[in-house]
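Dear colleague,

I am passing the structure on to you below, followed by notes on what turned up in it. Please read the notes with the model open beside them.

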Amino acid sequence: MKYDIPEHKKLVFELVVPIRWGDMDAMGHVNNATYFRYLETIRIDWMRSIGATPQPDGHGPVIVNAFCNFYKQLEYPGDVLLKMYTSDPGRTTFETWGTMELVGKPGVIHAAGGATTIWVDFPNQKAIELPDWVRAIVTP
């Protein structure tokens, strides 16, 4: 199953990560699980940059699903330019999208993925409305 990244989205963060030797699998390219790690890394770094870290005694973001479409292999050595986008804020959720391209090959998307984020009241273990400040950041 392939998920399409929407055209209507907001670029909110960029990050360059080096491909590590240990990111490769036996076939000599970056292991598919590592692509999810790259998406997690940019998502967490972005959330930290806006002050949206989970507060166990309060509220914060939780990922409820994630996907990745693989288009071209990433191989060591290299640096991956990750771009994080947001879209579709709902009452309690918003979407995040990430693209991966090699720094040396700008504009060539090697993989793209996304995740649905839900805002949760942790002590009560239930979804709550997105805070206004989060909605303002994620709305395209």
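Phenylalanine 67 and tryptophan 97 are both buried, where buried means under 20% relative accessible area, exposed over 50% and partly exposed in between, with a 1.4 Å probe and protein chains only. This is a predicted model, in which local features need pLDDT of at least 70 and side-chain atom pairs count only at pLDDT 80 or more, while totals for chains, interfaces and linings use all residues. Residues are numbered from 1 along each chain as its sequence is written, and side-chain values use heavy atoms, with hydrogens and water left out.

On the aromatic side, six pairs are counted, under the rule that rings of Phe, Tyr and Trp (its six-membered ring) pair if their centres lie within 6.5 Å, with planes under 30 degrees apart taken as stacked, over 60 as edge-to-face and the rest as tilted. One of them joins tyrosine 35 and phenylalanine 70, whose ring centres are 4.9 Å apart and whose planes stand at 90 degrees, so the pair is edge-to-face. Because tyrosine 35 lies in helix α1 (residues 32-49) and phenylalanine 70 in strand β2 (residues 59-70), this pair ties together parts that are 35 residues apart in sequence; helices (H or I, at least four residues) and strands (E, at least two) are DSSP runs numbered from the N terminus. Tyrosine 35 is buried at 3% relative accessibility, whereas phenylalanine 70 is partly exposed at 41%.

Phenylalanine 67 and tryptophan 97 also form an edge-to-face pair, at 6.0 Å centre to centre and 70 degrees between the planes. Phenylalanine 67 belongs to strand β2 and tryptophan 97 to strand β4 (residues 93-102), so parts 30 residues apart in sequence are tied together here. Ring pairs link Tyr3, Phe67 and Trp97 into a cluster.

Threonine 86, in strand β3 (residues 79-87), is buried at 0% relative accessibility. Leaving aside neighbours within four places in sequence, its contacts (heavy atoms within 4.5 Å) include Trp46, Trp97 and Val138.

The backbone deserves a look as well. A cis peptide bond, with omega about -5 degrees, joins tyrosine 76 and proline 77, and proline 77 sits in the loop between β2 and β3. Aspartate 88, in the loop between β3 and β4, has a positive phi near 50 degrees although it is a residue other than glycine, and is partly exposed at 47% relative accessibility. Glutamine 125, likewise not a glycine, has a positive phi of about 50 degrees and is exposed at 63% relative accessibility.
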